[in-house]
Amino acid sequence: MPCASLIRRHGLVVVPAFLWGRRGTRGVMHLALDTAATETLIKPKVLARLGYGPHDAERSTTIQSAVGSEPGYLLRVARVWALGFEVADHVVHAHELPGQYDIDGLLGLRFLDHFDYEIRSKRSEIDVRLSQP
C-alpha cells in the first residue's frame, strides 16, 4: 500500500501529480486534495500547456460560488498520476481557481473513488490502495 507524503500549503493539503498531454508529454502539477470536490479540477492554462482546450470539452459547466457563477468545461485527459496510482482516460474539470493559492487544481472524488485511502493529518501522510469491488 503506497504511502504518500502530504504537503501543507496555505492551509491546504497538496500532493504532487502528473498529467499526460495529447502528444504523450507529461506535465507536473501540485493539486490540493479535496474530498468535497466531485471532479478533479485543473486550471485551463495547465491543460493548454499539454495541448488540451475548450475544443476537447465533453460539455460546458458552471460553478456557483459565493462571488457568482464561473464558466468551465469537462474533458477527458489521457491519464493522471497522483498518490502512487495512475488513472487513464480521466475526466477533469477545466476551471480557474483563486490566485492566492499556489496550486494547479484540485484532486477530487472522481479520481479518489478508484481507491481506498486513509489520511493521517498528524503524520502528514496518506495511505492509498486499490479499492476492492
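In which sense do strand S3 and strand S7 pair, and over how many bridges? In this predicted model, local features need pLDDT of at least 70 and side-chain atom pairs count only at pLDDT 80 or more, while totals for chains, interfaces and linings use all residues. Residues are numbered from 1 along each chain as its sequence is written, and side-chain values use heavy atoms, with hydrogens and water left out.

Strand S3 (residues 12-20) runs antiparallel to strand S7 (residues 68-82), and four bridges join the two. Here strands are DSSP runs of E of at least two residues, numbered from the N terminus, and two of them pair if DSSP finds at least two bridges between them. Within this pairing, Phe18 faces Trp81 of S7. On S7 there is also an antiparallel pairing with strand S8 (residues 85-94), over nine bridges, where Arg79 stands opposite Ala88. S7 and S8 make a hairpin with two residues between them, and Leu83 in the turn has a positive phi of about 55°.

Now to the rings. Four aromatic pairs are found in the whole structure; rings of Phe, Tyr and Trp (its six-membered ring) pair if their centres lie within 6.5 Å, with planes under 30 degrees apart called stacked, over 60 edge-to-face and the rest tilted. The Phe85 and Phe115 rings have centres 4.8 Å apart and planes at 35°, so this pair is tilted. Phe18, Trp20 and Trp81 are linked into a cluster by ring pairs.

The charged end of Arg26 sits over the Phe18 ring, 4.0 Å from its centre (CZ of Arg or NZ of Lys within 6 Å of the ring centre and within 35 degrees of the ring normal). Arg79 lies over the face of Trp20, 3.9 Å from the ring centre.
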